[in-house]
Structures are given as structure tokens and as C-alpha cells.
Amino acid sequence: MLAGAGVVLGLAAGPAQAAEVSFATRCVPPAGVGLDPVDGTTKVEITAPAGAKVGDEIDVVWKFTQAASKNPNIIDLPANSVQPTGTLKASGAQSADIAMTGPRENPAIPKGGAMVLSDMKGTLKLTAAGELTLTPGPYTVNAMGTNTVCTPTETVPKAATVTVAAGDGTSTPTPTPTETESPDPTSTPTPTPTDTATATPSATSSDGGQTDFTGKAVDIPYTCQSPLGVKKATSTIQINAKKNGGSYGLTVQFKNSPMDSPADIPANSVKPSMDVVVGGDDKGSVHVEGPTNSGAIKSGDPIEIPDMTGTYKPGATGKATLSPGVLTIKALGTTTTCTPDTTKVSLTLTTEEQEGGASGGSSGSGGTSGSSAGGGLAATGADDHAALKALGLVAGTAVLLGGAIFTFMPGRRMR
């Protein structure tokens, strides 16, 4: 219970509480599909601590006990193919929208079976004393590369209440590794392996002989513009670095695919690239690229993103942050551009300025995509118009969107 809904910080937090609420919901398919919205009832259980103090950060859990609708009698939904995200609204002592995210974990859901959505989790930093209420808001179900947005159509009752006490200055804050109490020469120093093992996995020093730096896996919500229109997806991405002289070789790893293939794609025809965002004391971007797909990709299968590599040459001395940026996927003469709705730092490096470094500009492997610091990629011309139409006009492609199945049917076939 404590792991699922307990307090991250603060000794005054009370025991966890859970309450279920239900509300009428309308789930809307993407524009242009031509299908009506789906109306149903959502039931959720919100778990949060009963009490905490100003300055604490609390964990909250959103558990779906009933989705707005069942899986229609059209297609079986495979395991681990659905991911929910949503917003939990905090009001009262303070107002905030808490971003909630669940893993892409679900059992296989047969035609006509109940939709099973994973538990969503989020955190909130408490800033004011008083009674804090938590109320479910809209949520999105991502399945097979497309989103259904589900919004309450009635006033949703509060699902949990947290009593927030004023901080009295005696609470125990999160220990700072560099902060030390007056040392007692007779005591045994507390070992600090977490300084290098479980702290934010980023570089804290560019010297001392360390050459390999492991980034933190972060969830990045993307909006992708493809030949089929606009789609949203969330990908888990990690940026690692290996120091080589004053520069760093970067490796960007995708833990899950941001999109499914809308058509059968032959080998060596999909090319991914990204502009990693450089922040902190340094500014600019680093262009990284991955190899083309080694094997054919079947329609409906995930387009796996291989490791992408590039070189970061620091343009400033200090702390430089590296965050996932614009992702570009080129396939069959078309270009899909995925732009982060928001991004997070995966890796922090302590850097020394290098001549011709990234500050204020870009650095990278010199790819031919025509990328810029702003993340725009020049579209490549394609003579293979049949291939483009094959990607854009896929007959009978079934897309599951939360509570409904949408089938894209082309108006005409292209020779």
C-alpha cells in the first residue's frame, strides 16, 4: 500500500486512503475518422495519503475499476498494447493538474471483453496547508498507435482528500548528498552508495576518470504528424554518453515504439533520427541517427526505433542537460515528424567548453537529413508515389481507440 500510494517525502504523512467514484464519460475518436463518440461510465479508485505536510511530495494512484466501454466484437487486442494517461485535478489548499501515466501493460482482451487499463501514477509537491481534494479529469487511451480522448460529461465527485499541515521547520527533508552534519569522529560514517548508484543517473563530474554516463529513462509524450494525420504516443527514452576527449558519444535508446506500421514495409526502408535538446549551461541540439530496419515490418507491428548515435561537443563549461527532442522517421519516401508535447532531462553532464561546441547552435554526426537546431527536417523527395500511397491509403487498417474500433477505408485504390 505504501509503495502504491504512500508519501515520498515527509514524516507526517498519514496512512493511505482509497475511494471509488464513477462518472459519465464521452470518448472521442480522432478527427477525420468519421465515427461517432462513444458514451459510457468510467469508474476509478484514487489512492492518496490521508495527511501530509507542506513541502512533502505525495504519490497518488488512479486505478480503473471500469472503463467507459468494452472491446467491440471486431478484433482481439493483444497483451501490452494499451497505455492510459490522464489528469487528476487538485483543488482546495492548492490548485494543480497532476499528470498521470500508466504503463503499457494489459492482458490480451478478446472481442467483446471488458477493457483493462493499467493503474496510472503521479506525484504532487504540497505548497499550502489546508484540505486538498483530488478529482479525476479527462484521460487518453493510446492503442495501436492512435489516441481516444475521454472526457467527463458531468460534475465528477471528489475521489480523495488530503489534510495538509503547515510545515514547522522540523520535518526531515530529502537528504542532500553534499550536506553533512557535524561529524562525530567516533561514529561510523553512513555509506553513500546511492550517490553513484541510485541518484539521478547523470554525470556529476567530467573528470576523475569516468568515461561512461548512464541516463535516466524518461516518458516523453509525442505528437506525430504522418501521412495518415496527427497521432499521439508516449515513448520511454534513455540517453547515455561515453566521453572521448572533450566530446561525448551519445546513444539514444527507445524502450518502446512510438507508432505502429500502417502498411507492410520492406527491410532497409525506415530511417530514424532525432535532435537531442541541449540545455542548462549549454544551449543547442545534437543530431543523432539510427540504422535502417534490418528486417521487414508487417502492417500493424510496432516500428521499433533502433539505438541512435551522434557526438556532443560541449559549447560551454558547467552543467549541460540532454533531453529527447524531435524524432523523425522516414519510410517509403514519406516523413513522419514526432514533436515532444513536453520533454524531460535524461542526462546531466559536467562539461568543459570545446572550440566549435554546441552552445547556441547544434552539433552532431553530420547527417544528411538537413536538420536544424529547431528540430525541423527537410522532407526528401520521392519518385515512388505508389509506395507513398501504399503507406497513406491502407485498406482495412483496424485501429483500436479505447472503447471503439476505427477502420480506415480508402476511397479509391492507386495504381
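Two strands pair if DSSP finds at least two bridges between them, and strands (E, at least two residues) are DSSP runs numbered from the N terminus. The model is predicted: local features need pLDDT of at least 70, side-chain atom pairs count only at pLDDT 80 or more, and totals for chains, interfaces and linings use all residues. Residues are numbered from 1 along each chain as its sequence is written, and side-chain values use heavy atoms, with hydrogens and water left out.

**Exercise 1. Determine which strands pair with E18, and in which sense.**

Step 1. Strand E18 covers residues 318–323. With E21 (residues 347–351), E18 forms five bridges in the antiparallel sense. Thr-321 has Thr-348 in E21 as its bridge partner.

Step 2. E15 (residues 270–280) is also antiparallel to E18, over four bridges. Here Val-277 stands opposite Ser-323 of E18.

Step 3. Five of the six residues of E18 are buried, where buried means under 20% relative accessible area with a 1.4 Å probe, protein chains only.

**Exercise 2. Describe the largest nonpolar core and the contacts of Leu-134.**

Step 1. A nonpolar core is a set of buried Ala, Val, Leu, Ile, Met, Phe, Trp, Tyr and Cys residues joined through side-chain atoms within 4.5 Å. The largest has 38 residues, of which Trp-62 and Leu-134 touch the most other members.

Step 2. Elements giving two or more residues to this core include E1 (16–28), E2 (38–49) and E4 (57–66). E8 supplies the largest share, five residues.

Step 3. Another core, of 34 residues, lies apart from it; Phe-213, Cys-224, Leu-250 and Leu-322 are among its members.

Step 4. Not counting residues up to four places away in sequence, Leu-134 touches residues including Ile-46, Val-60, Leu-88, Ile-98 and Val-162; contact means heavy atoms within 4.5 Å.

**Exercise 3. Characterise the lining of the largest pocket.**

Step 1. On a 1 Å grid over the protein atoms alone, where a 1.4 Å probe is used, a pocket is an open set of points with protein on both sides within 12 Å along at least five of seven lines, and lining residues have an atom within 4 Å of a point. The volume, the space filled by probe spheres set on the points, is about 730 Å³ for the largest pocket.

Step 2. Of its 30 lining residues, Thr-85, Ala-99, Met-100, Thr-101 and Pro-221 are the closest to the centre. E6 gives the largest share, five residues.

Step 3. By class, the lining has 11 nonpolar, 13 polar and six charged residues; Asp, Glu, Lys and Arg count as charged, and Gly is among the polar ones.

Methods. Buried means under 20% relative accessible area, exposed over 50%, partly exposed in between (1.4 Å probe, protein chains only).
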